[in-house]
Amino acid sequence: MKSGKTMGWNKQIIQAFVVIVLQVLLFNHLQIAGFGFPMVYVLILMNLPVHIPRWAEMLIGLCVGLMIDVWHSSLGIHIAACVALSFVRPLLLSKAVQDIERIKDNISIQTIGRIEYTKCAVILTVLHHFIVFSLETWNIQFWWIVLLQTLVSSIMTLCIILGYEYLRR
């Protein structure tokens, strides 16, 4: 008989696999005028359990980034952004959520509340996308393109993520 924790991890691994497949097969092909690219795979990292060891969270960020980099042939851009997101997430959650100790499950609208989840999702998504587009462009002369891509892509990604979270309720 499997324990509740094992079944929870199995469910999360399956959800992560589904999100990555959807990212590769569907969301990678959605774009708005070459500026908006939804990167829904950040949902995997945002919704990790609160009490996961820091090293494990960073390792999961590295693995998710690596999988996306392999599909994009992007030489570590997504790894850097995912590891940065994994690094900032616990700090952000400790500031955004008053009673973080009470949460036993994954982060979601149900566990931390609508406003707190939305704040965290916006900050983490914008941070991730800014890192991706900054590393991808790697030229200070095109700062406005980086900001435009970050803004449009973040809006697209957040619409999908928050829509999913509200439907999951």
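A: Helix α3 has 19 residues and spans 27 Å from its first C-alpha to its last, close to the expected 27 Å at 1.5 Å a residue. The expected span is 1.5 Å times one less than the number of residues in the helix. Helices are DSSP runs of H or I with at least four residues, strands are runs of E with at least two, and both are numbered from the N terminus. This is a predicted model, in which local features need pLDDT of at least 70, side-chain atom pairs count only at pLDDT 80 or more, and totals for chains, interfaces and linings use all residues. Residues are numbered from 1 along each chain as its sequence is written, and side-chain values use heavy atoms, with hydrogens and water left out.

Within α3, the buried residues are Ala56, Glu57, Gly61, Val64, Gly65, Ile68 and Asp69. Buried means under 20% relative accessible area, exposed means over 50%, and partly exposed lies in between, with a 1.4 Å probe and protein chains only. Just after α3, Ser73 adopts a positive phi of about 50 degrees.

Helix α4 has 20 residues and reaches 27 Å between its first and last C-alpha atoms, close to the 28 Å expected at 1.5 Å a residue. At Arg89, α4 bends by about 30 degrees, and a proline, Pro90, follows within four residues. The bend is the angle between axes fitted to the seven residues ending at a position and the seven starting there. Arg89 is also among the buried residues of α4, which include His78, Cys82 and Leu85. The buried residues of α4 pack against α3, as well as against α2, α5 and α6; contact means heavy atoms within 4.5 Å.

The largest nonpolar core contains 38 residues, and those with the most contacts inside it are Tyr41, Ile44, Tyr117, Val132 and Ile161. Such a core is a set of buried Ala, Val, Leu, Ile, Met, Phe, Trp, Tyr and Cys residues joined through side-chain atoms within 4.5 Å. The elements that contribute two or more residues to this core are α1 (4-25), α2 (42-46), α3 (54-72), α4 (77-96), α5 (109-112), α6 (114-137) and α7 (143-168). The largest share, seven residues, comes from α6.

Leaving out residues up to four places away in sequence, Ile161 touches Val40, Val42, Leu43, Met46 and Tyr117. With the same exclusion, Val19 touches Val40, Tyr41, Leu43 and Ile44. Val19 lies in α1 and is buried, with a relative accessible area of 14%. In α7, Gln149 counts as buried at 8% relative accessibility. Beyond neighbours within four places, Gln149 is in contact with Gly34, Phe35, Phe37, Phe133, Thr137 and Ser154.

The chain as a whole has seven helices and zero strands. Of its 169 residues, 40% count as buried. Among contacts between residues at least 6 apart in sequence, 71% join residues at least 24 apart. The C-alpha atoms fill a box of roughly 55 × 30 × 30 Å along the principal axes.
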